[in-house]
Amino acid sequence: MILVNTDYISGKELEMLSIVKGSTIQSKHVGKDITQGFKTLVGGELTAYNEMMNEARAIATKRMVAEAESLGADAIVNIRYASSAIMQGAAEVIAYGTAVKFVNK
């Protein structure tokens with residue numbers, strides 16, 4: 001599966017299939033929440049939340065790809081990510097794009 005954030009793939013003629021998406025809501029356990037809260041007092045990278053968001057993006061991407069594969073897609077173009085806070089220490093990440101088939105493989 002080819003994944004790109006452009007609306008084309010060089011040298012390929014594309015047939016648009018459908019918008020596809022994948023999402024997840026992730027949180028850290030309360031112990032990590034407390035330690036990361038203390039970190040905000042002194043500044044610096046919040047590594048536990050960084051790891052959480054990286055994991056969430058990977059899960060959302062995997063679910064988006066699975067949806068595209070179920071449509072018989074060869075690629076997903078124009079991929080975008082969005083996130084929003086659901087509550088303290090929890091965030092939703094959504095990945096979305098357009099599933100396409102190659103007209104001339």
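This is a predicted model: local features need pLDDT of at least 70, side-chain atom pairs count only at pLDDT 80 or more; totals for chains, interfaces and linings use all residues.
Of the 105 residues of the chain, 31% count as buried, and the accessible surface amounts to about 6,500 Å², of which carbon and sulfur atoms supply 53%. Among contacts between residues at least 6 apart in sequence, 75% join residues at least 24 apart.

Met1 is placed in the segment before strand E1, which spans residues 2–3, and with a relative accessibility of 40% Met1 is classed as partly exposed. The C-alpha atoms of Met1 and Asp74 lie 5.6 Å apart in space, although 73 residues separate the two in sequence. When neighbours within four places in sequence are set aside, the contacts of Met1 comprise Val65, Ala68, Glu69, Ala73, Asp74, Ala75 and Ile76.

Helix H2, which covers residues 47–70, includes Thr61. Thr61 has a relative accessibility of 15% and is therefore counted as buried, since this value falls under the 20% limit. Beyond the residues up to four places away in sequence, Thr61 touches Leu3, Tyr81 and Ala95.

A search of the whole structure for salt bridges returns one, formed by the side chains of Lys21 and Glu67 with a nitrogen-to-oxygen distance of 3.5 Å. Side chains of opposite charge can pair when their charged atoms come close. Lys21, at 45% relative accessibility, counts as partly exposed, and Glu67, at 23%, is likewise assigned to the partly exposed class.

Strand E2, which runs through residues 14–27, also holds Ile25. With a relative accessible area of 53%, Ile25 is classed as exposed because its value is over the 50% limit.

Strand E3, comprising residues 75–87, contains Asn78, which is partly exposed at a relative accessible area of 31%. The C-alpha atoms of Asn78 and Gly97 are separated by 5.2 Å, while the two residues stand 19 apart along the chain. Apart from neighbours within four places in sequence, Asn78 makes contact with Val4, Asn5 and Thr6, and also with Tyr96 and Gly97.

With regard to aromatic rings, a search of the whole structure finds zero aromatic pairs. An aromatic ring does, however, take part in an arrangement with a charged residue, as Lys12 lies over the face of Phe102 at 4.7 Å from the ring centre.

Definitions and conventions. Residues are numbered from 1 along each chain as its sequence is written. Side-chain values use heavy atoms; hydrogens and water are left out. Rings of Phe, Tyr and Trp (its six-membered ring) pair if their centres lie within 6.5 Å; planes under 30 degrees apart count as stacked, over 60 as edge-to-face and the rest as tilted. A charge sits over a ring if NZ of Lys or CZ of Arg is within 6 Å of the ring centre and within 35 degrees of the ring normal. Helices (H or I, at least four residues) and strands (E, at least two) are DSSP runs, numbered from the N terminus. Buried means under 20% relative accessible area, exposed over 50%, partly exposed in between (1.4 Å probe, protein chains only). Contact means heavy atoms within 4.5 Å. A salt bridge is a side-chain nitrogen of Lys or Arg within 4 Å of a carboxyl oxygen of Asp or Glu. Accessible areas come from the Shrake-Rupley method with a 1.4 Å probe; for residues, only the protein chains shown count as cover.
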